[in-house]
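Student: I would like to learn how to read strand pairing and confidence in a model like this one. Where should we begin?

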Amino acid sequence: MNEKYYFECTNCGRKYSADEVQYLCPHCSSKNDKKSPPLGVLKTLYYYKKIKSRYKKHKLFDKLKEKEYLELLPLKSERSLSFLKVGKTPLYEINSPNIFLPAEKNNSR
Ligand SMILES: [Zn+2]
């Protein structure tokens with residue numbers, strides 16, 4: 001079982017484990033046709049408490065930054081990452097602590 005994230009259907013609210021489905025809610029997507037926007041799109045929700053507990057001894061953001069936020073990506077394997085130059089987007093902390101904005105102009109990977 002994946003302990004980082006799970007999926008929730010944006011239409012019916014059903015919850016699915018990450019290993020159970022991929023992309024669409026099976027219940028809602030069975031009603032899809034080619035004329036309308038797709039039903040059953042899944043949103044990814046994280047088990048933030050579990051992620052945070054892995055880094056008890058570290059400052060959470062610094063550790064996630066060091067690992068390029070992989071803990072926050074809905075990936076089953078790092079091998080599924082793109083070969084394209086994406087990621088390592090620098091973040092800037094704004095006035096309030098714990099709020100960061102990505103500088104999308106330069107990915108350095
Ligand atoms: Zn659904």
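Tutor: Begin with pairing: two strands count as paired if DSSP finds at least two bridges between them. Keep in mind that this is a predicted model.

Student: In strand β2, what is the bridge partner of Phe7?

Tutor: The partner of Phe7 in β2 is Tyr16. Three bridges join β1 to β2, residues 15–17, and the two strands run antiparallel.

Student: What is the bridge partner of Phe7 in β3?

Tutor: In β3 that partner is Thr44. β1 and β3, residues 42–46, are joined by five bridges and run antiparallel. Glu8 also has a counterpart there, standing opposite Lys43 in β3.

Student: How do strands hold to one another in general, and in what order do they lie in this sheet?

Tutor: Strands of a sheet pair through backbone hydrogen bonds, either parallel or antiparallel. Here three strands form an open sheet with the order β2-β1-β3, and the pairing is antiparallel. β2 and β3 are the edge strands, each pairing on one side only. On average, neighbouring strands of this sheet are turned by 35 degrees against each other, direction ignored.

Student: Is β1 mostly covered or mostly open?

Tutor: A residue is called buried if 20 or more other C-beta atoms lie within 10 Å of its own. By that count, four of the five residues of β1 are buried. For the chain, buried residues make up 6% of the 109 residues.

Student: Which residues make up the largest nonpolar core?

Tutor: That core has six residues: Tyr5, Tyr6, Phe7, Cys9, Cys25 and Leu42. Strand β1, residues 5–9, gives the most to this core, with four residues. Beyond its neighbours within four places in sequence, Tyr5 is in contact with Ala18, Thr44, Leu45, Tyr46, Tyr47 and Pro74.

Student: Where is confidence lowest, and where is it highest?

Tutor: Where pLDDT is low, the predicted coordinates should not be read in detail. The chain averages a pLDDT of 80, and 82% of the residues score at least 70. Helix α3, residues 60–66, has the lowest confidence, at a mean of 70, while helix α1, residues 26–29, has the highest, at 96.

Note on methods
Residues numbered from 1 in each chain as written. Predicted model: local features only at pLDDT ≥ 70, side-chain atom pairs only at ≥ 80, totals over all residues. Buried ≥ 20, exposed ≤ 12 C-beta atoms within 10 Å, placed from the backbone. Core = buried A, V, L, I, M, F, W, Y, C linked by C-beta atoms within 7 Å. Contact = placed C-beta atoms within 7 Å. pLDDT = per-residue confidence, 0-100. Axes fitted to C-alpha atoms, helices over the stretch in contact; angles between N-to-C directions.
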